[in-house]
Structures are given as structure tokens and as C-alpha cells.
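This report describes a single protein chain. Its sequence and structure are shown first.

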Amino acid sequence: MAKKEDTRLQENKESFSPVTFFQETKEELDKVVWPSREQLISESVAVLLMVILSATIIYLVDEFFSWAAGVVFG
């Protein structure tokens with residue numbers, strides 16, 4: 001089985017066809033399971049909330065260390 005794949009890869013490397021490339025790309029995109037609108041919105045909101053939470057924590061830690069450095073080094 002590996003020999004078949006190796007032969008196919010070698011053939012593809014030798015002769016590149018843009019038409020074939022786009023046909024295969026379309027075939028692969030047809031296999032993709034796209035999320036529903038509700039799933040897309042809910043996951044986008046979750047990502048935004050996590051980014052906001054992470055940024056807030058980083059900001060607070062930075063402010064704390066700035067305050068501590070000011071106290072120590074005056």
C-alpha cells in the first residue's frame with residue numbers, strides 16, 4: 001500500500017496541474033462538516049470571552065508587578 005502512495009506522490013510531483021489541484025481542493029472542501037449558525041455564534045462568543053478574560057488577568061498581573069516594583073524600588 002505504501003508503494004502505491006509513493007508512486008502517486010511521485011507522479012503528482014512530476015506533473016502539477018492547477019485544474020487538478022482546484023478540483024481536488026473542491027472535493028476536500030465538500031467533505032468538511034461546517035458548523036451551524038448557532039454553533040458558530042456560541043463558539044465565537046466563548047472565544048471572545050476567553051480572550052477578554054485572559055487579557056484582563058494579564059493586565060491585572062502587570063499592574064500588580066508595576067505597583068510592587070514601585071514599592072520596592074520607590
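The sections below treat the fold, the aromatic pairs, the nonpolar patch and the salt bridges in turn.

## Model and confidence

The structure is a predicted model. The protein averages a pLDDT of 89, and 81% of the residues score at least 70.

## Fold and surface

The protein contains three helices and zero strands, and its elements run α-α-α from the N terminus on. Helix H2 covers residues 18-31, and helix H3 covers residues 37-73. With 37 residues, H3 reaches 53 Å from its first C-alpha to its last, which is close to the 54 Å expected at 1.5 Å a residue. Gly74 follows H3 and has a positive phi, near 45°.

Buried residues account for 0% of the 74 residues in the protein. Burial here requires a relative accessible area under 20%. The accessible surface of the protein comes to about 7300 Å², and 67% of that surface belongs to carbon and sulfur atoms.

## Aromatic pairs

A pair of aromatic rings is described by the distance of the centres and the angle of the planes. Rings pair if their centres lie within 6.5 Å; planes under 30 degrees apart count as stacked, those over 60 as edge-to-face and the rest as tilted. By this rule the count comes to four aromatic pairs. One of them joins Phe16 and Phe21: the ring centres are 6.0 Å apart and the planes stand at 50°, so this pair is tilted. Phe16 is exposed, with a relative accessible area of 60%, whereas Phe21 is partly exposed at 42%.

Phe64 and Trp67 form another tilted pair, with 6.0 Å from centre to centre and 35° between the planes. Both residues lie in helix H3, three residues apart, about one turn of the helix. Phe64 counts as partly exposed at 46% relative accessibility, and Trp67 counts as exposed at 56%. Elsewhere, ring pairs link Phe16, Phe21 and Phe22 into a cluster.

## Nonpolar patch

A nonpolar patch on the surface is formed by Met50, Leu53, Ile57, Val61, Phe64, Phe65, Trp67, Val71, Val72 and Phe73. Together these residues have about 1100 Å² of accessible area. Both partners of the tilted pair Phe64 and Trp67 are therefore also members of a patch, a grouping that takes residues with over 30% relative accessible area and no salt bridge.

Val61, a further member of the patch, lies in helix H3. Its relative accessibility is 41%, so Val61 counts as partly exposed.

## Salt bridges

Side chains of opposite charge can pair when their charged atoms come close. The structure holds two salt bridges. In one of them Asp30 pairs with Lys26, the closest N and O atoms being 3.2 Å apart. Asp30 and Lys26 both lie in helix H2, four residues apart, about one turn of the helix. Asp30 is exposed, with a relative accessible area of 55%.

The side chains of Lys31 and Glu28 also meet in a salt bridge, at 3.3 Å from N to O. These two residues likewise both lie in helix H2, here three residues apart, about one turn of the helix. Lys31 counts as exposed at 58% relative accessibility, whereas Glu28 is partly exposed, with a relative accessible area of 46%.

Conventions
Residues are numbered from 1 along each chain as its sequence is written. This is a predicted model: local features need pLDDT of at least 70, side-chain atom pairs count only at pLDDT 80 or more; totals for chains, interfaces and linings use all residues. Side-chain values use heavy atoms; hydrogens and water are left out. Buried means under 20% relative accessible area, exposed over 50%, partly exposed in between (1.4 Å probe, protein chains only). Patches are made of residues with over 30% relative accessible area and no salt bridge: like charges are joined within 9 Å, nonpolar side chains (Val, Leu, Ile, Met, Phe, Trp, Tyr) within 5 Å. Accessible areas come from the Shrake-Rupley method with a 1.4 Å probe; for residues, only the protein chains shown count as cover. A salt bridge is a side-chain nitrogen of Lys or Arg within 4 Å of a carboxyl oxygen of Asp or Glu. pLDDT is the predictor's confidence in each residue, from 0 to 100. The expected span of a helix is 1.5 Å times one less than its number of residues.
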